[in-house]
Amino acid sequence: MVNKIIREIRSLGKLIACPRDCYDTCIHEVGVLNNEMILLPSEIPYGIKVTCPRAARDIQRALSKNRVLYPYKAIDKRTSKFTRISWDDALDEISIRLKEVLNKYGPEKVLVLDYAGNMGLITRHFSQRLWYLLRAARTDYSICDSAGELGLKLHYGKTYGALISELYDSKLIVYWGFNPAITSVHNYHIARNRKIRKELSVIVIDPVRTETTKIADIWLRPRFGSDIYLALGAANYIIQKEYYNKEFIEEYTTGFNEFAKWVRKFDLALVSEKTKLRKQEIINFVETYVDLKPNLIFIGYGIQRKRGGINTVRSISLLPALIGEHRGFYYSNSDGLLLDKGLIRGTHLGEPSLIIPQAMISEYLERNKFKFIYIQLVNPLGTHPDPEKILNYFVREDVFVVVHETHWSDTAKHANIVLPATTYLEKDDFITGYWHNYLIWNKKIMEPQGESKNELDVQREIARRLGLDHKAIFEDPLEVIKNSLGESIFNKLMKKGYAEIPYLPKGRYQTYSKKIEFKSQMALELGLEEFPEPIDLFSDGGDLILVFRASFMHTHTQFEEIYGPVPKILYINSKDAEKRNIENGDKVLVVSDNNEVILIAKVTDNVPPGLLVAYKSAISVDGKRINVLIPGRVSNQKEPEINGIRVKVFKA
Ligand SMILES: Nc1nc2c(c(=O)[nH]1)N[C@H]1C(S)=C(S)[C@@H](COP(=O)(O)OP(=O)(O)OC[C@H]3O[C@@H](n4cnc5c(=O)[nH]c(N)nc54)[C@H](O)[C@@H]3O)O[C@H]1N2
Ligand SMILES: Nc1nc2c(c(=O)[nH]1)N[C@H]1C(S)=C(S)[C@@H](COP(=O)(O)OP(=O)(O)OC[C@H]3O[C@@H](n4cnc5c(=O)[nH]c(N)nc54)[C@H](O)[C@@H]3O)O[C@H]1N2
Ligand code: SF4
Ligand SMILES: [Mo]
């Protein structure tokens with residue numbers, strides 16, 4: 001049977017990259033199975049053929065009933081009643097409303113909401129030029145990983161780190177608040193294969209038992225939010241034991257002596273008290289980290305989407321500097337790629353009239369009274385904090401909402417005008433990601449479904465109707481990208497379909513001192529602490545703490561049309577369940593200070609007492625997205641407060 005299927009798969013000799021917001025940015029071969037097109041994993045650039053359940057059904061998703069195929073106008077946007085209209089009518093109405101708002105209120109009442117639904121250079125970036133030119137208001141893109149990016153910049157200048165080859169060269173990998181078995185499949189499978197061959201040891205640091213902890217040689221379960229103590233305690237231990245690399249520190253770092261003095265207070269007793277880890281566990285971890293070199297720490301994003309997140313990432317990032325590894329971590333490599341995304345986006349065309357925190361749009365919509373809202377590549381009503389409050393604003397009579405979407409997302413269902421967008425399978429684009437340094441020239445493999453159009457064409461149509469003929473909007477994006485890459489890489493890209501793009505050298509630092517700064521000058525300038533001072537997130541006792549995880553079958557809210565809704569499961573420790581008379585499968589009411597939802601309890605010791613885990617973007621038994629529990633809040637250091645909200649749980 002297996003042989004038969006394999007014989008029927010035919011490769012079409014084309015490559016296409018997945019542009020989703022995901023570490024891997026997989027490159028697939030386009031194949032045919034029983035007369036149907038499929039995406040097959042390729043070995044480029046990771047060296048192993050692995051992909052995820054989303055890629056396996058991506059073509060079906062593009063052809064699913066949930067596609068937006070035509071432009072629609074709302075008859076009643078709250079109850080999602082729409083009528084079909086022509087593209088001309090849709091674009092005319094959008095342009096008239098946009099002109100009215102610009103003339104009457106100015107660009108600060110025009111808000112663009114976008115994110116990484118498709119990371120293509122044309123789809124995501126070039127299509128923003130109109131909005132920069134108009135100086136529309138926008139968000140700071142801080143919902144996902146930007147707090148940690150800032151943390152790394154404070155000590156290293158720019159945020160970038162290990163490339164794939166180093167995953168193959170390392171003797172030890174530390175997955176710190178990172179669950180790659182689910183969120184970065186290549187990373188996990190390379191590590192797993194090498195571990196089976198006894199070439200690699202794995203440490204996982206996560207309070208929760210996850211799919212990734214299965215391959216851990218050492219699994220540390222610090223108390224939620226206490227990682228900063230563990231990292232600073234490890235730094236102190238390395239210094240006290242004189243395990244640090246003196247030559248490296250002399251040549252490549254500044255501020256070591258002061259850091260060594262400052263970090264002394266994080267002794268084993270304090271770290272053990274704060275993390276609830278045994279002293280011996282901490283010692284084993286540090287001794288292994290120091291012994292097995294070269295090594296790499298993969299810093300996940302989950303640990304920084306909360307108060308204290310910046311300093312947590314900072315503290316972890318300083319460990320490689322102590323043991324003499326140049327950027328011995330991976331977090332995000334988008335800063336390391338020598339590609340001028342700002343130029344492609346057109347950030348030079350005009351300053352946004354206003355920038356609001358992405359995690360707080362629920363609050364800022366009310367505060368700033370935006371009149372015209374243009375949304376693409378993001379589904380705020382599914383993924384941003386406090387979607388009920390966002391919805392209440394979107395459905396106001398005096399607010400005009402346009403959503404350009406491939407699918408009927410939560411947000412599309414409540415727009416004034418919905419425009420059908422082509423999926424990445426139906427448009428040409430250049431794809432880069434935030435891990436590997438390959439750029440892929442995606443050529444469409446399907447015709448646009450229904451009347452769907454790409455983002456660039458729509459931008460140009462709106463510009464024309466506004467009477468704008470600025471060269472930046474109408475120039476050929478291929479030329480812009482060619483100029484940005486240089487002729488030789490561009491030609492290679494056109495010929496082979498993919499090319500490596502230049503990457504900043506790892507042994508250099510873009511700080512003021514050109515060295516790794518244990519004591520950060522930039523932090524002082526920004527009014528932050530020069531050393532990563534911890535905060536205690538929670539006092540003991542009282543409420544339970546809710547953290548989020550990803551679903552393997554979904555990317556946030558995508559793929560529900562294929563795999564069903566994101567699971568409504570609440571993982572709860574048996575002790576916490578028992579106290580509340582909750583049994584496996586019970587409906588439970590989860591109450592935060594913002595809202596409440598009903599979920600289904602899964603009683604398990606995979607989560608420690610005091611902690612609860614739910615799927616991000618889950619739809620509750622009572623039909624709400626789980627983010628209704630989260631108030632739109634950012635910390636005083638602007639970290640989005642998403643992970644670790646306090647809740648009460650009752651049997652429903
Ligand atoms: N299948 C799938 N893959 C995805 C996505 C998806 O939606 N689905 N989304 C993509 C995107 S946009 C992102 S940002 C990434 C996110 O992917 P990851 O970086 O892996 O982040 P999370 O899934 O948020 O959290 C990872 C782990 O951090 C742990 N954690 C939470 N708080 C703490 C803490 O205080 N300390 C420690 N040590 N651990 C903690 C959680 O238990 C969890 O297991 O995944 C990407 N990949
Ligand atoms: N509670 C909680 N909330 C979270 C998180 C969490 O851990 N916990 N994680 C946060 C993180 S890390 C992130 S990154 C955000 C993600 O938040 P979002 O970016 O809103 O996530 P998605 O649901 O993937 O939405 C992307 C949308 O883009 C659309 N799209 C895809 N391709 C195209 C295209 O080519 N053209 C157009 N026009 N549209 C397209 C998809 O159909 C989809 O509706 O969620 C955040 N929200
Ligand atoms: S969602 Fe991620 S793992 Fe899946 S195909 Fe796309 S890039 Fe690869
Ligand atoms: Mo993200």
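Which residues are around ligand 3? They are Cys18, Cys22, Thr25, Cys26, His28, Thr51, Cys52, Arg54, Ala55 and Val185, each with a heavy atom within 4 Å of the ligand.

## The model

This is a predicted model, where local features need pLDDT of at least 70, side-chain atom pairs count only at pLDDT 80 or more, and totals for chains, interfaces and linings use all residues. Residues are numbered from 1 along each chain as written, chains are lettered from A and ligands numbered from 1 in the order written, and side-chain values use heavy atoms, without hydrogens and water.

## Overall build

The protein has 27 helices and 27 strands (DSSP runs: H or I of at least four residues, E of at least two). Its radius of gyration, taken over C-alpha atoms, is 25 Å, close to the 26 Å that the globule rule gives for 652 residues, so the protein is as compact as a globular protein of that length. That rule is 2.2 Å times the number of residues to the power 0.38.

## Ligand 1

Ligand 1 is surrounded by 31 residues. The closest are Tyr23, Asp206, Asp227, Tyr301 and His554.

Polar side-chain atoms come up to ligand 1. One in Asp206 lies 2.6 Å from an oxygen atom of ligand 1. In Thr183, a side-chain N or O atom is 3.0 Å from an oxygen atom of ligand 1. Arg54 has a polar side-chain atom 3.0 Å from a nitrogen atom of ligand 1. The protein buries 98% of the 910 Å² that ligand 1 exposes when taken alone (Shrake-Rupley method, 1.4 Å probe).

Note on methods. A polar contact is a pair of N or O atoms within 3.5 Å; within protein, one must be able to donate a hydrogen and the other to accept it, and residues adjacent in sequence count only if both atoms are side-chain atoms.
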